[in-house]
Amino acid sequence: KYSKNLASPEEAVLVLSDLHIGRRTPSFDAQVYQKRLKHLLFSLEKIITLHRQSSKIDKLHIFDVGDNVHGERVGLQGRMNDYEFGVPEQLAVSASIFNEIIDYLLNIFKEVHWYDIPGNHGNLDKAYSSGSNWDLIRVNLLENLKKNQDRLFFHRPPHVNRVIYQIVEILGHKFLLTHGDSVRVYGGFPFPAIIRKMIYWH
């Protein structure tokens with residue numbers, strides 16, 4: 001229950017990045033992927049419950065910033081034994097799990113807003129447009145699965161064939177969403193390169 005004397009309304013943000021469904025290592029596979037997502041949801045609900053003692057939180061903003069599909073470009077993204085299964089199953093498993101996750105989140109929040117940016121593991125090849133990315137296709141599937149859900153809002157990247165970043169404003173605060181592979185770092189220090197990109201993009 002909300003407190004009677006609430007502070008100004010707040011909105012929650014959840015960042016999803018580098019989940020790499022389809023990757024296999026000694027400590028990671030599809031079962032670990034599902035366990036981690038369950039733990040994430042449990043932790044999110046616990047934190048929101050605590051914050052709702054002092055603030056009203058009705059909206060969740062999900063920043064899906066790429067590499068949530070591992071891809072299957074052997075040699076460029078990993079060795080053959082680094083893959084548990086290929087892209088078709090990666091998409092099917094991820095879409096199925098997040099279909100249920102979204103339902104779960106809509107029981108906690110009145111509105112869920114989804115913003116996405118592709119990562120480098122979803123890239124196909126230089127012969128294709130940058131819009132040909134498995135991360136983007138994954139969200140296409142989710143958007144289609146949830147097309148009749150009126151409390152879920154997808155904010156897709158503008159100019160999908162030239163997408164690198166997206167700027168999102170929430171309660172007067174601006175967030176730069178990018179996977180980061182487009183930011184070239186020199187000398188081992190990322191901050192100057194990130195600032196240069198921010199100035200250039202904005």
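**Entry 1: the elements.** I looked up helices and strands, and the chain has four helices and six strands. Both are DSSP runs: helices are H or I with at least four residues, strands are E with at least two, and numbering starts at the N terminus. I read along the sequence and noted the pattern β-α-β-α-β-α-β-β-β-α.

**Entry 2: the source.** I am working from a predicted model, where local features need pLDDT of at least 70, side-chain atom pairs count only at pLDDT 80 or more, and totals for chains, interfaces and linings use all residues. Residues are numbered from 1 along each chain as its sequence is written, and side-chain values use heavy atoms, with hydrogens and water left out.

**Entry 3: the sheet.** I found an open sheet of four strands in the order β1-β2-β3-β4, with parallel pairing. Two strands pair if DSSP finds at least two bridges between them. The edge strands are β1 (10-16) and β4, and each pairs on one side only. From one strand to the next, the twist averages 20°.

I then checked the bridges. β1 and β2 (residues 57-64) run parallel and are joined by six bridges. Val15 stands opposite Phe63 in β2. β3 (residues 111-116) and β4 also run parallel, with four bridges. Here Val112 stands opposite Leu152 in β4.

**Entry 4: two faces of β4.** Which residues of strand β4 (residues 152-155) are on the covered face, and which on the uncovered one? Leu152 and Phe154 are on the covered face; Phe153 and His155 are on the uncovered one.

**Entry 5: α3 on the strands.** I traced helix α3 (residues 134-145) and saw that α3 lies across β2, β3 and β4. Helix α3 runs at about 155° to β3. Axes are lines fitted to C-alpha atoms, for helices over the stretch in contact, and angles run from 0 to 180 degrees between N-to-C directions.

**Entry 6: α1 against α2.** I compared helix α1 (residues 30-51) with helix α2 (residues 87-106). Their axes come within 12 Å and cross at roughly 15°. The two helices are therefore roughly parallel to each other, a term for angles under 35 degrees. I listed the contact residues (contact means heavy atoms within 4.5 Å). From α1 come Tyr33, Gln34, Leu37, Leu41, Leu44 and Glu45. From α2 come Ser94, Ile97, Phe98, Ile101, Tyr104 and Leu105. These residues divide into nine nonpolar, two polar and one charged. Ala, Val, Leu, Ile, Met, Phe, Trp, Tyr, Cys and Pro count as nonpolar, Asp, Glu, Lys and Arg as charged, and the others, Gly among them, as polar.

Note on methods
Angles under 35 degrees count as roughly parallel, over 145 as roughly antiparallel, 65 to 115 as roughly perpendicular and the rest as oblique. Buried means under 20% relative accessible area, exposed over 50%, partly exposed in between (1.4 Å probe, protein chains only).
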